[in-house]
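The following note sets out comments on the model under review. The points run from a single position to the whole chain and back again.

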Amino acid sequence: MEEALEPVLRDFADRHDLYLDSKGPRPGVRPGALVTWTDDLGNRHDLDFVLERGGSSGKAGNPAAFIEAAWRRYTKHSKAKAQEIQGAVLPVLAKWNNVKPTPAAVVAGQWSAPSLQQMRSSGFVVLHLHFPTTAEVFHDAGIDIEGLAEDTPDDFWQEQCDAYTNKTALEKRKLATALRTAHADEFRGFVTELERRVVRSIDYVVVTPLHGNGSQYATVQDAIQAVRSYSCGVEAAPFLRFEIRIAYTNGDVIQATFGTSADAVDFLDTFV
């Protein structure tokens, strides 16, 4: 499933000038292969994919989307897995609330409607690969995942695992392609919703000194220049702080407050 998903996310990243982080080496950004982010309490969360703004193989960017992938064979386990996905994503989402990243989940197999709705109600973009369709794709590739149950003998499980691991790299890519093709409508809807949530441009920036009137600027560069040239001395009243509001074309709004011009510029620099 992850092999079927990654090309879709990579194409998405390439089309929208984003960086896709996935499992593997990323020297200068992290010591290991796992895509690990920390929350406000310093807890580490291992994720499957992260879309970043301004990121590269050697530089961490601002998160645009956190994406988790999961498989469940039985609906009775899906509720717990939905909660697990939320537990991994929501804390890092809260930490990066200043840049409004989007949470997403790509799940396959048998999932109850309440478990899917639970994630959607928490703001997740959800792609569900239905079990019958998925089982048919694997059956055509000589792998029986439909007959797997809790009482399935271990040797039957092993036969299906071997049937996959013995395939060549080309055969595995063809299987991933077949999985995408069979769920073409679902993937299309997922990408459309992800674009609606993630793809955005700055409409305007408002910088408001607490003792002055707000001024609107068309670009981040203009806002930076205004902050740098603003006198923070005693005017009609003592300067207290800058309030910054960034409005996006998709309706997202980011608001922040800073006590010094240097901190305000550092914040605005992350959006250039």
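1. In which strand is Thr 102 found? In this predicted model, Thr 102 belongs to strand S6. The relative accessible area of Thr 102 is 3%, which is under the 20% cut-off for a buried residue, and Thr 102 is therefore classed as buried.

2. Which residues does Thr 102 touch, once those up to four places away in sequence are set aside? The contacts of Thr 102 are Ala 64, Ala 65, Phe 66, Leu 93, Val 125, Leu 194, Arg 197 and Val 198.

3. Turning to the overall fold, the protein is built from nine helices and eleven strands. Its C-alpha trace spans about 80 × 35 × 35 Å along the principal axes. Of contacts between residues at least 6 apart in sequence, 59% join residues at least 24 apart.

4. As to burial and surface, 41% of the 272 residues are buried.

5. The largest nonpolar core contains 34 residues, of which Leu 5, Leu 9, Leu 51, Ile 67, Phe 190 and Leu 194 touch the most other members. At least two residues of this core come from each of helices H1 (2-15), H4 (131-140), H6 (169-182) and H7 (184-198), and likewise from each of strands S4 (49-53), S5 (62-72), S6 (102-109) and S7 (125-130). Helix H1 supplies the largest share, six residues.

6. Apart from this core lies another, of 20 residues, which includes Val 99, Ile 244, Ile 254 and Leu 268.

7. With residues up to four places away in sequence left out, Leu 51 touches Leu 9, Phe 12, Ala 13, Leu 18, Tyr 19, Leu 20, Asn 62, Pro 63, Ala 64, Ala 65, Ile 67 and Leu 194. Leu 9, Ile 67 and Leu 194 in this list are also among the core members that touch the most others.

8. Is Asp 162 buried, partly exposed or exposed? Asp 162 lies in helix H5 (residues 154-165). Its relative accessible area is 31%, between the limits of 20% and 50%, so Asp 162 is partly exposed. Asp 162 and Asp 140 are separated by 22 residues in sequence and, from C-alpha to C-alpha, by 16 Å in space.

Definitions and conventions
Residues are numbered from 1 along each chain as its sequence is written. This is a predicted model: local features need pLDDT of at least 70, side-chain atom pairs count only at pLDDT 80 or more; totals for chains, interfaces and linings use all residues. Side-chain values use heavy atoms; hydrogens and water are left out. Helices (H or I, at least four residues) and strands (E, at least two) are DSSP runs, numbered from the N terminus. Buried means under 20% relative accessible area, exposed over 50%, partly exposed in between (1.4 Å probe, protein chains only). Contact means heavy atoms within 4.5 Å. A nonpolar core is a set of buried Ala, Val, Leu, Ile, Met, Phe, Trp, Tyr and Cys residues joined through side-chain atoms within 4.5 Å.
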